[in-house]
Amino acid sequence: MVYIISIILVGIGVYGLMTQKNLFKHLISLSIIDTAVNIFIVATGYVNGGKAPIYTKNFPSFAIGRFVDPLPQALVLTAIVIGVGTLAVGASLLVRVKEKHSSIDVENMKGVGE
Amino acid sequence: MRRFYAILVAAGLVYMLFMFLGTIVPYGKADVADRVSAHFLAKDVNSISPTKWVEGDKQVPHSERVYGRKGFEDGSANVVTSIVVNYRSFDTLGEVTVLFASAVGVGLILGGTRRMKYGRKPNFILRVSTGILLPLIILFGIYIFVHGHLTPGGGFPGGTIIAAAVLLLYLSNEEFSLNMIVSKSLEGSMGSLYVIFGLIGLAAGGAFLFNFLPNGVVGSLFSAGVVPLVYMTIGLKVGSELSGVVAEIHEEREG
């Protein structure tokens, strides 16, 4: 089920990339695809009935099937941080584009060669 | 017409990915015993014999009580933290570097000299509640990254919460602007401190970012060796970095 949600989110992101003319919406579409891939990677490590991989008083020992796979979560932690970085750089580039061409809509930009 | 083609292409892509779903492990049926993650969870990665794994035998570590005991490879109760900051710490150093590069990029693209004014007075509720909420938000951020090895969280979410406090200050006060010298020097010194921890590990244990402090009892605050120290440096670094990004967004160039 979670796999299906992430695939549909990828479809929404690709649709947004192809139809929208606003560059910020392009950035948001890329961000949606990023989120979809993260959801997918975390979902590959899920074990039915598994708990979060943290040892507590109630779950003091290791057993197969008790905890979900922690490795995809650790990888996605990296991916989320890098996604934030690329989103920040992209948004700041759009601020400069707006200043120079007076719009971030690809059809209303001024001074862009045909 | 363009929307129609877009729907067609997106639906085709979704269909292709659905076909791909049949070849992977079904949702919820992941076999942790088949992966290295079982050894990450049981905290005995060094006991894996590589030849046995290649021949196809599963090497499942025997289950034993971990919480409240000492003497494991890694002493953090949160297994994700032990992977991020201990087993794969070099990867995290690269991640911090990428975040630093993006913060520098935002500074180069947006960097201005004076604070942008919006010309409107912030709401009364916003101004008063900032004074009440700000210490709580900063305290919560510090709690998140100090307890990164015991509870969900860690340096990256904690730093982001601190940056959210700075954003609240920017929204509630037209005159406020972050002291960039303090934030940049904190960021730089914390980034170098991470590398220095790695070099101390290289000198003490023979491997870069080696965990050179005693691990202690799993589940207590002073445990897991170097992990809480590294997560504190990461928390302060990410907090000052993202605060700098928030500050640069609110700046404009002269003229």
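In the predicted model described here, a polar atom of the side chain of Asp74(B) lies 3.2 Å from the backbone nitrogen of Ser76(B), a polar contact being a pair of N or O atoms within 3.5 Å of which, within protein, one must be able to donate a hydrogen and the other to accept it, with residues adjacent in sequence counted only if both atoms are side-chain atoms. The model is predicted, so that local features need pLDDT of at least 70 and side-chain atom pairs count only at pLDDT 80 or more, whereas totals for chains, interfaces and linings use all residues. Residues are numbered from 1 along each chain as its sequence is written, chains are lettered from A in the order in which they are written, and side-chain values use heavy atoms, with hydrogens and water left out.

Asp74(B) is located in the loop between α3 (50–55) and α4 (79–87) of chain B, where helices (H or I, at least four residues) and strands (E, at least two) are DSSP runs numbered from the N terminus. Asp74(B) counts as buried because its relative accessibility is 0%; buried means under 20% relative accessible area, exposed over 50%, and partly exposed in between (1.4 Å probe, protein chains only). The side chain of Asp74(B) also makes a polar contact of 2.2 Å with that of Asn86(B). When neighbours within four places in sequence are left aside, the residues in contact with Asp74(B) (heavy atoms within 4.5 Å) include Lys43(B), Ser82(B), Tyr87(B), Asn211(B), Asn215(B) and Val227(B).

Asn86(B) and Ser82(B) are among the buried residues of α4(B), a helix that is mostly covered, with eight of its nine residues buried. The cover over these residues includes α3 of chain A as well as α2 (37–42), α5 and α9 of chain B. At the start of α4(B), a side-chain oxygen of Asn78(B) comes to within 3.2 Å of the backbone nitrogen of Val80(B).

One cavity of 30 Å³ or more is present in the structure, and the largest cavity holds about 40 Å³ of space. On a 1 Å grid over the protein atoms alone, a cavity is a set of points where a 1.4 Å probe fits but cannot get out, a pocket is an open set with protein on both sides within 12 Å along at least five of seven lines, and lining residues have an atom within 4 Å of a point. Grid points are joined across faces, edges and corners, and a volume is the space filled by probe spheres set on the points. The lining of the largest cavity includes Ala74(A), Thr78(A), Ile83(B) and Val84(B), and α5(B) gives the most to this lining, with three residues.

The largest pocket contains about 730 Å³ of space; among its 36 lining residues, Val84(A), Ala88(A), Val245(B), Val246(B) and Ile249(B) are the closest to its centre. α3(A) gives the most to the lining of this pocket, with twelve residues.

As to confidence, chain B has an average pLDDT of 85, with 100% of the residues scoring at least 70, pLDDT being the predictor's confidence in each residue, from 0 to 100. Ile142(B) lies in helix α6 of chain B and counts as partly exposed because its relative accessibility is 37%.
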